[in-house]
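Please keep the sequence and the structure in view while reading.

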Amino acid sequence: MRTTPTGFASVCVFAFVCVLAAVFAAACQRPAETPPAHQPQFAPEVTIKDLMLNIIDTSADVVWLSVTTVASDKGLVETRPQNDEEWTKVRQGALTLAEAANLLMIPGRRVAPTDHKSEVPGIELEGEEMDALIAKDRAAWDKHARALYDAAMATYRAAEAKDADKVFELGESIEHACEGCHSTYWYPNEKIPELPQFPESPKPESPK
Ligand code: HEC
């Protein structure tokens with residue numbers, strides 16, 4: 001069979017396209033085996049209750065008690081970190097608190113031991129009820145833990161800068177994060193007592 005000039009040209013184009021395709025295929029080829037993503041094997045044996053009592057509450061106290069103003073019969077008594085050693089303690093407290101917030105996000109951790117009984121039934125939920133509430137929306141739980149992380153890390157930075165006023169101010173953000181989570185998972189049924197109502201002051205008469 002004779003190859004016409006046009007026939008020859010199309011063979012060339014075809015060959016060229018094949019070479020291009022081969023080059024692209026080689027360039028796009030993924031490594032043959034991508035190893036499965038490594039999953040860390042956490043040991044979430046300690047309950048959330050134990051984290052609260054042994055790490056979170058104690059570290060928060062270190063931060064909260066480092067900068068205080070207390071009224072006494074001698075007038076206002078101000079406490080501020082006085083030296084590097086005392087500032088180190090504040091930094092340690094804040095950093096421990098921040099990392100404890102990460103511990104709260106580790107999946108598979110129970111809120112309380114199985115034999116846990118609510119101290120105020122009907123107001124404070126039982127352990128399993130809290131577990132179920134958390135499992136229903138993990139992202140919401142993590143958001144509460146994250147709020148604690150952010151407040152604690154901001155406090156850590158303020159302690160690095162030895163800014164006592166800022167540490168005090170951020171103490172309130174930390175408390176907000178604690179309370180936000182507690183009122184959602186621990187005692188969601190709590191009724192906030194209403195503020196006493198003062199008799200309304202008479203409104204000024206509107207001009208007729
Ligand atoms: C992401 C949620 C979350 C955050 C944030 C959080 N807590 Fe808790 N905390 C809980 C839950 C849930 C319980 C109920 C567990 C229990 O004690 O039965 C609890 C219980 C406690 C308890 C009672 C422990 C007991 O049973 O006697 C203390 C004290 C406590 N938290 C302190 C704090 C402090 C202080 C902060 C902030 C610095 C904080 N928590 C932030 C979820 C949270």
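Which of the 22 residues around the ligand come nearest? They are Met52, Ala60, His144, Cys178 and Cys181. This answer, like everything that follows, rests on a predicted model. The shell around the ligand draws at least two residues from each of three helices, namely α2 (48-66), α5 (138-160) and α6 (164-186). In its composition, this shell comprises 18 nonpolar residues, together with 2 polar and 2 charged ones.

The chain as a whole may be considered next. It contains 6 helices and 2 strands, and the order of these elements along the sequence is α-α-β-β-α-α-α-α. Of the 208 residues in the chain, 17% are buried. Among contacts in the chain with a separation of 6 or more, 72% are accounted for by residues 24 or more positions apart.

Two of the helices that contribute to the ligand shell, α2 and α6, also pack against one another. Two packed helices are described by the angle between their axes and the distance between the axes. For α2 and α6, the angle is about 140° and the axes are 8 Å apart. The crossing in which α2 passes α6 is left-handed. On the side of α2, the contact is formed by Ala60, Val63, Trp64 and Ser66, and on the side of α6 by Val167, Gly171 and Ile174. This contact has 5 nonpolar and 2 polar residues, and no charged residues.

Strand β1 (residues 68-72) pairs with β2 in the antiparallel sense, over 5 bridges. The two are joined by a hairpin of 2 residues, and Thr68 stands opposite Thr79 in β2. Is strand β2 (residues 75-79) largely in the open or largely buried? The number of buried residues among its 5 residues is 0, and therefore β2 lies largely in the open.

Attention now turns to helix α3, in which Trp87 is found. Trp87 counts as partly exposed because it has 19 C-beta neighbours inside 10 Å, whereas a buried residue requires 20 or more. Leaving aside residues up to four places away in sequence, Trp87 touches Pro81, Ala159 and Lys162. Trp87 and Ala161 are 74 residues apart in sequence, yet their C-alpha atoms are 9.5 Å apart in space.

One of the residues touched by Trp87 is Lys162, which lies in the loop between α5 and α6. Most residues other than glycine have a negative phi. Lys162, by contrast, has a positive phi, near 50°. Lys162 is partly exposed, because 15 other C-beta atoms lie within 10 Å.

Where is the place of Gly122? Gly122 is in the loop between α3 (84-105) and α4 (127-136). With 9 C-beta neighbours inside 10 Å, Gly122 counts as exposed, the limit for that class being 12 or fewer. The C-alpha atoms of Gly122 and Glu190 are separated by 8.7 Å, although the two residues are 68 residues apart along the chain.

Notes:
Residues are numbered from 1 along each chain as its sequence is written. This is a predicted model: local features need pLDDT of at least 70, side-chain atom pairs count only at pLDDT 80 or more; totals for chains, interfaces and linings use all residues. A residue is near a molecule or strand if its C-beta atom, placed from the backbone, lies within 6 Å of it. Helices (H or I, at least four residues) and strands (E, at least two) are DSSP runs, numbered from the N terminus. Ala, Val, Leu, Ile, Met, Phe, Trp, Tyr, Cys and Pro count as nonpolar, Asp, Glu, Lys and Arg as charged, and the others, Gly among them, as polar. Two residues are in contact if their C-beta atoms, placed from the backbone, lie within 7 Å. Two strands pair if DSSP finds at least two bridges between them. Axes are lines fitted to C-alpha atoms, for helices over the stretch in contact, and angles run from 0 to 180 degrees between N-to-C directions. A crossing is left-handed if the near helix is turned anticlockwise from the far one by less than a right angle, and right-handed if clockwise.
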